[in-house]
Amino acid sequence: MPSDAAAPSPGSVRHVYGSPDARVTVVEFGDLECPHCRAAAPVLRALVDASDGAVRLVWRHFPLFEVHPHALTAALAAEAFGAHGRFWELHDAAFAHQDRLADPDLRRYAVEAGIDPDEVVGQAAQRWAPAVEADYLDGLSHGVAGTPTLLVDGEPYRGPLTLPALRAATTP
């Protein structure tokens, strides 16, 4: 998508891992600076990868900016990456380097991805604020208080973040 593309509508599903036609949807309200989200990421990917197209993962931003000082800027940068079809690339880089999410780091990730670094930080990144805010407010409306919080087909998941438990929750 070109760099001058309009920001997505605030409540839209923007970041899907897996088949868009999967019969089961797991929504993760997450924070790119959260160590618990980092730990859950490979489990959620394995769940989708082993589902033969039956499960998809939808990421929604829930930056815990009071505890994670770079969570909001990382979310905005991830949206900018998403405008180029590269959301999961920044998602993975953020989890691999959670101690390096300041503006210079986000700019470097953009350069490495072939994205104009001026799009991912500072004033230009603010165009993505409505989408991040919409995710956050939607999380609050679902009772999200921490990350990661999962919904399985719209219902809160309260079990352990293990592959066997998630498989059981996503299998009819």
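1. Basis. Because the model is predicted, local features need pLDDT of at least 70 and side-chain atom pairs count only at pLDDT 80 or more, while totals for chains, interfaces and linings use all residues. Residues are numbered from 1 along each chain as its sequence is written, and side-chain values use heavy atoms, with hydrogens and water left out. Helices (H or I, at least four residues) and strands (E, at least two) are DSSP runs, numbered from the N terminus.

2. Helices α1 and α7. Two packed helices are described by the angle between their axes and the distance between the axes. Axes here are lines fitted to C-alpha atoms, for helices over the stretch in contact, and angles run from 0 to 180 degrees between N-to-C directions. Helix α1 covers residues 35-49 and helix α7 residues 163-170; their axes come within 10 Å and cross at roughly 45 degrees. The two are therefore oblique to each other (angles under 35 degrees count as roughly parallel, over 145 as roughly antiparallel, 65 to 115 as roughly perpendicular and the rest as oblique). From α1, V43, L44, A46 and L47 are in contact with L163, L166, R167 and T170 of α7 (contact means heavy atoms within 4.5 Å). By class, this contact has six nonpolar residues, one polar and one charged (Ala, Val, Leu, Ile, Met, Phe, Trp, Tyr, Cys and Pro count as nonpolar, Asp, Glu, Lys and Arg as charged, and the others, Gly among them, as polar).

3. Helices α1 and α3. The axes of this pair come within 9 Å and cross at roughly 130 degrees. That makes α1 oblique to α3. In α1, C37, R38, A41 and R45 meet W88, H91, D92 and F95 in α3. The contact has four nonpolar, one polar and three charged residues.

4. Burial of α3. How many of the 10 residues of helix α3 are buried? Seven are, so α3 (residues 87-96) is largely enclosed by the rest of the structure (buried means under 20% relative accessible area, exposed over 50%, partly exposed in between, with a 1.4 Å probe and protein chains only). The buried residues are F87, W88, L90, H91, A93, A94 and F95. They pack against β1 (15-17), α1, β3, α2 and α4 (103-113).

5. D105, L106, Y109, A110 and A113 are the buried residues of α4. They cover an arc of only 145 degrees around the axis, which puts them on the same side of α4 (the arc is that of the directions from the helix axis to the C-beta atoms). An α-helix has 3.6 residues a turn, so residues three or four places apart point the same way. The buried residues of α4 pack against α2 and α3, whereas P104, V111 and E112 are exposed on the other side. Just after α4, G114 takes a positive phi of about 80 degrees.

6. H68. This residue is in the loop between β3 (55-61) and α2 (71-82). H68 is buried, with a relative accessible area of 15%. Not counting residues up to four places away in sequence, H68 touches D31, E33, C34 and P35.

7. T147. The loop between α6 (129-141) and β4 (149-152) holds T147. T147 is buried, with a relative accessible area of 11%. Leaving out residues up to four places away in sequence, T147 touches F29, G30, D31, C34, H36, C37, F62 and L64. T147 and A40 are 107 residues apart in sequence and 9.9 Å apart in space, C-alpha to C-alpha.
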